[in-house]
Amino acid sequence: METKVIDVDPLNIEEEKIKEAAQAIKEDKTVVFPTETVYGLGANGLSENAVRKIFEAKGRPYDNPLILHVSNVRSFLEYTYISYALLEKIERLLPGPITFVLKKREVVPDIVTAGKDTLAIRMPAHPVALKLIEYAEVPIAAPSANISGKPSPTMSEHVLKDMLGKVDYIIIGGKVEFGVESTIIDLTQGKIPIILRPGPIPPEKLKEIFGDIIIPDFVYGKIEPDYIKSPGMKYRHYAPNTPVILVEHDDANTMVKKVLEEVKSYNNPLVLCLKEHVGYYKDHNINFDTIGSESNYYEFAVKLFEMLRKYDEKVDAMIIEGIEDKGIGIAVMNRLRKAAYHIL
Ligand code: TXA
Ligand code: MG
């Protein structure tokens, strides 16, 4: 299939370009677009025919539901059952990198929610995403725009590699802001929200708004979930073809010692280390690159999938230094533990 690629400058959007892609959404076509988290692969979320094309392009199992992307707060009332009191709370996070699981209304086709009676709904903050949804005049169902199981796309070259020839349109809008997928919270299980997937909005922020928040153990990515509320959790995720070896965060000496020991097991390994540790590796004749620093976990998050893709199949192992489970670090470590072949 022929893919039309549209280049957009997010800081100076040419409306005509977005209108063309929005028209394609109206015609049940597929459009890849940037969001502030990762690129999404979208189609008309009210059309079963259009949504089926998303599953086909990604090779995604039909029992893994999609997120419905909307461009205004009113849409939450249109597609879900939500009280005004709750809407007032979540409004404080909109638009932004967070998805809410709520009771679904009839208008949303079953294919979007994989037959479940709940809907994952999100209002992204990226100006291109918001405009696209607005002009399409329908909500856009969209998973991350990677081939199923692979790291999510955070840069133009990622979407071109994974999606060219598989979708009708690709909107290129540069590098994303966060680099990990939205935080997902379930608001359907009693009064206290439950985190289903950690993301850019950290638990502390959610506590401020909701008073309390449940963080199940699987959120850290350490154990297999027994609470399969998010069907996507069943599948192996984010994994490049080259094995990832994750070194859990610890004091510098302990981490570096583990890395140097592990390096010996491979012919052509790459170490992805914290900036603060460069000094430990540079005299060891070791192939290394940096992946953020102790002082800025946001930088680590935005480089994570980029690095996993950059070195995939170029080395025979990626040995990665982990960070602490705090703030966006929880999301980073969740993705890394899921991608890891070994954890040290
Ligand atoms: O940042 C993001 O959320 C990106 C951008 C494109 O918006 N999207 C994204 O979509 O990460 P996807 O499909 O890769 O991940 C959505 C996750 C899946 O794990 C899915 O199982 C879960 O959301 N999900 C969808 N509907 C659900 C529901 N009704 N209940 C629980 N989990 C749900
Ligand atoms: Mg995904």
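A cavity, as the word is used here, is a set of grid points where a 1.4 Å probe fits but cannot get out, and a residue lines the cavity if one of its atoms comes within 4 Å of a point. By that test, the largest cavity in this predicted model is lined by Ile195, Pro198, Gly199, Ile201, Pro202, Pro203, Gly327 and Ile330.

**The cavity**

- Searching the whole structure turns up one cavity of 30 Å³ or more.
- The space inside the largest cavity comes to about 30 Å³.
- Its lining is made up of six nonpolar and two polar residues, with no charged ones.
- Pro203 belongs to this lining, and Pro203 is also one of the buried residues of helix H8, which is the next stop.

**Helix H8 and its surroundings**

- Helix H8 covers residues 203–210, and its buried residues are Pro203, Leu206, Ile209 and Phe210.
- Viewed down the axis of H8, these buried residues fall within an arc of 125°, so they line one face of the helix.

- Pro193 sits in the loop between S10 and S11.
- With a relative accessible area of 1%, Pro193 is buried, because the cut-off for that label is under 20%.
- Setting aside residues up to four places away in sequence, Pro193 touches Ile185, Asp186, Leu187, Phe210, Asp212, Ile213 and Ile214.
- From Pro193 to Ala136 is 57 residues in sequence and 31 Å in space, taken between C-alpha atoms.

**The second largest pocket**

- The second largest pocket holds about 370 Å³ of space.
- Fourteen residues, written 14 in the count, line this pocket, and His158, Lys161, Arg309, Lys310 and Asp312 are the ones nearest its centre.
- Helices H7 (156–163) and H11 (297–310) each give at least two residues to the lining of the second largest pocket.
- H7 provides the largest share of that lining, with four residues.
- Sorted by class, the lining of the second largest pocket has ten charged, two polar and two nonpolar residues.

**Annotations from UniProt**

- An unreviewed UniProt entry lists residues 15–201 as "domain: YrdC-like".
- The span 15–201 is 32% helix and 21% strand, and its end C-alpha atoms are 30 Å apart.
- The feature "binding site", again from an unreviewed UniProt entry, is placed at Thr37, His69, Arg122, Ala142 and Ser182.
- These positions are spread over 146 residues of sequence yet cluster in space, with a largest C-alpha distance of 12.7 Å.

**Arg122, one of the annotated positions**

- Arg122 is part of strand S7.
- Its relative accessible area is 2%, so Arg122 counts as buried.
- Beyond its neighbours within four places in sequence, Arg122 is in contact with a set of residues that includes Thr37, His69 and Ser182.
- Also among the contacts of Arg122 are Thr35, Glu36, Ile67, Leu68 and Val70, along with Gly96, Pro97, Ile98 and Thr99.

**Backbone details to check**

- As background, most residues other than glycine have a negative phi, and most peptide bonds are trans.
- The peptide bond from Leu94 to Pro95 is cis, with omega near -15°.
- Pro95 lies in the loop that runs between H4 and S6.
- Asp28, in the loop between helix H1 (15–26) and strand S2 (31–33), has a positive phi near 65°.
- Asp28 counts as buried at 15% relative accessibility.
- Ala114, in the loop between helix H5 (110–113) and strand S7 (118–122), has a positive phi near 55°.
- Ala114 is partly exposed, its relative accessible area being 28%.

How values were computed: Residues numbered from 1 in each chain as written. Chains lettered and ligands numbered in written order. Predicted model: local features only at pLDDT ≥ 70, side-chain atom pairs only at ≥ 80, totals over all residues. Heavy atoms only, no water. UniProt positions renumbered as here; feature names shortened; annotations may be inferred. Buried < 20%, exposed > 50% of the residue type's maximum accessible area, 1.4 Å probe, protein only. Arc of directions from axis to C-beta. 1 Å grid on protein atoms, 1.4 Å probe; cavity = no way out; pocket = protein on both sides within 12 Å on 5 of 7 lines; lining within 4 Å. Points joined across faces, edges and corners; volume = space filled by probe spheres on them. Nonpolar A, V, L, I, M, F, W, Y, C, P; charged D, E, K, R; others polar. Contact = heavy atoms within 4.5 Å.
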